[in-house]
Amino acid sequence: MTGKKAAGEWTKEVQDYQKKMATASKTPPGADPKQLERTGTVREIGSQAVWSLSSCKPGFGVDQLRDDNLETYWQSDGSQPHLVNIQFRRKTTVKMLCIYADFKSDESYTPSKISVRVGNNFHNLQEIRQLELVEPSGWIHVPLLDIVNNPIRTFMIQIAVLANHQNGRDTHMRQIKVYTPVEESSVGKFPRCTTVDFMMYRTIR
């Protein structure tokens, strides 16, 4: 009787531990990108790029991916990997990607493995990040940095969904944001003119 009780308690402890570990391993959400923009250190540049997808269902394409609405989403309609291609007209400095995913709403459509690649065009893309996502619910921040932690400069970014939760076939992504660092203007480094004497001579004629 005592042995059975001990075994039962041990089983419950194992189950509690597994549940705790499963919860702890979920991908934690990042801050809302709008908070980053308010700091003045980054700027969203997705509008400067040409976006394309490997596939999409009608009415669930690039427009939904970029409409600032977390209730809409891109839905792929083809075989994996599912690709989002972001191409700039000139070489551009990029610091971070922000991707919104929602496992609670999308379940098996939610990405579980993502590859981020950069290059000049489709023919020379190189992977710089690979992410394993566990039931993500919120913004996922993906820093795009070189080996010395500087923002990368690139013509193209490709986001590849390699796998979905529960072996799902097609994928949902609700929003993608692309950020470049904001360089501080040298003009902003001058002291502000606050006294009357300074105000008289603040303009160079």
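**Exercise 1.** Is D106 buried or exposed in this predicted model?

*Solution.* Step 1: find the residue; D106 belongs to helix 4, which covers residues 103–106. Step 2: read its relative accessible area, which is 3%. Step 3: compare with the cut-off, since buried means under 20%. D106 is therefore buried, because its relative accessible area is 3%.

**Exercise 2.** Find out which residues D106 is in contact with, leaving aside its neighbours within four places in sequence.

*Solution.* Step 2: look at the side chains. A polar contact of 3.0 Å joins the side chain of D106 to the side chain of H172.

**Exercise 3.** Describe the largest pocket by its volume, its lining and the elements that supply the lining.

*Solution.* Step 1: the volume of the largest pocket is about 250 Å³. Step 2: its lining includes R43, Q48, R90, K91, R153, P181 and E183. Step 3: strand 4 (82–94) and strand 11 (175–181) are the elements that each give two or more residues to this lining. Strand 4 provides the largest share, four residues. Step 4: sort the lining by type, which gives three nonpolar, four polar and five charged residues.

**Exercise 4.** Summarise the protein chain as a whole.

*Solution.* Step 1: the elements are five helices and eleven strands. Step 2: of the 205 residues, 36% are buried. Step 3: among contacts with a separation of 6 or more, 76% link residues 24 or more positions apart. Step 4: the chain exposes about 13200 Å², and carbon and sulfur atoms supply 51% of that area.

Note on methods
Residues are numbered from 1 along each chain as its sequence is written. This is a predicted model: local features need pLDDT of at least 70, side-chain atom pairs count only at pLDDT 80 or more; totals for chains, interfaces and linings use all residues. Side-chain values use heavy atoms; hydrogens and water are left out. Buried means under 20% relative accessible area, exposed over 50%, partly exposed in between (1.4 Å probe, protein chains only). A polar contact is a pair of N or O atoms within 3.5 Å; within protein, one must be able to donate a hydrogen and the other to accept it, and residues adjacent in sequence count only if both atoms are side-chain atoms. Contact means heavy atoms within 4.5 Å. On a 1 Å grid over the protein atoms alone, a cavity is a set of points where a 1.4 Å probe fits but cannot get out, and a pocket is an open set with protein on both sides within 12 Å along at least five of seven lines; lining residues have an atom within 4 Å of a point. Grid points are joined across faces, edges and corners, and a volume is the space filled by probe spheres set on the points. Ala, Val, Leu, Ile, Met, Phe, Trp, Tyr, Cys and Pro count as nonpolar, Asp, Glu, Lys and Arg as charged, and the others, Gly among them, as polar. Accessible areas come from the Shrake-Rupley method with a 1.4 Å probe; for residues, only the protein chains shown count as cover.
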